[in-house]
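Dear colleague,

I am passing on the structure below, and after it I set out what was found. Please read the notes with the structure open beside them.

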Amino acid sequence: MAHYDFNMPVSEQQTRQLKVNDTVTLNGTLFGIRDATQIHMFDRGRKTRFDMHGHAVIHTAPNVKKVEKSNTYPAGYAQICIGTTTSARMERFTQPLMREYGVRIVIGKGGLFAASQAAFQEMGGVYLAIIGGAAALETTWVEQIEDVDLDDLNPESLWKFRVKGFGPLLVAMDCHGGNLYTRVNAAARDKRAAALAALGVKGD
């Protein structure tokens, strides 16, 4: 297990060195994205002006407040609470995010599935996990909302955050086939089988 501090963007070589149970802290740019954002980008043909090559996306629809644009609030938004949503609904977007936009890192809750794992292995990506209920802490890692695109979808706009010390986050899926969720599931099944056997109950 190792820890990595990344200044974004990162290279394929950097993400390919990560393995499950490593930890990562991000600095610089982080993009916020959610269901509606990706439905419009990949199902309805909309494009973003942002260059996300080598960057990370976080599954979020943040709570923000509209304010006057200034040096402090260049996008005209102040962050109130930037939490993370469950990733499973966005499984089908991992591959196009990586292939079409060069995204390297996906951040969310609960993990992703086989198609995402295959995309990580093919293109050198990783999934970083955030524990549920950590939104207040996450918000302290966001210095500024620098820009926003596709803002008619607000709050499921495409957000460009500036972050400092965003983490440590746990590598839960890597590009070598490592998957913390399948490991935990297998371990839980083994413990269940052992407990049933100790009670003299036949498992399924």
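**Charged pairs and overall form**

Arginine 34 is partly exposed, with a relative accessible area of 22%, where buried means under 20%, exposed over 50% and partly exposed in between (1.4 Å probe, protein chains only). Its salt-bridge partner is aspartate 35, with the closest N and O atoms 3.5 Å apart; a salt bridge here is a side-chain nitrogen of Lys or Arg within 4 Å of a carboxyl oxygen of Asp or Glu. Aspartate 35 itself counts as buried, at 16% relative accessibility.

This is a predicted model, in which local features need pLDDT of at least 70 and side-chain atom pairs count only at pLDDT 80 or more, while totals for chains, interfaces and linings use all residues. Residues are numbered from 1 along each chain as its sequence is written, and side-chain values use heavy atoms, with hydrogens and water left out.

Another salt bridge joins aspartate 152 to arginine 46, the closest N and O atoms being 2.9 Å apart. Aspartate 152 counts as exposed at 56% relative accessibility, whereas arginine 46 is partly exposed at 26%.

Arginine 49 forms a salt bridge with aspartate 149, at 3.8 Å between the closest N and O atoms. Of these two, arginine 49 counts as exposed, at 54% relative accessibility, and aspartate 149 as buried, at 13%.

The structure holds 11 salt bridges, and Glu12, Arg16 and Arg104 are linked in a network of them. For the protein chain as a whole, buried residues make up 50% of the 204 residues.
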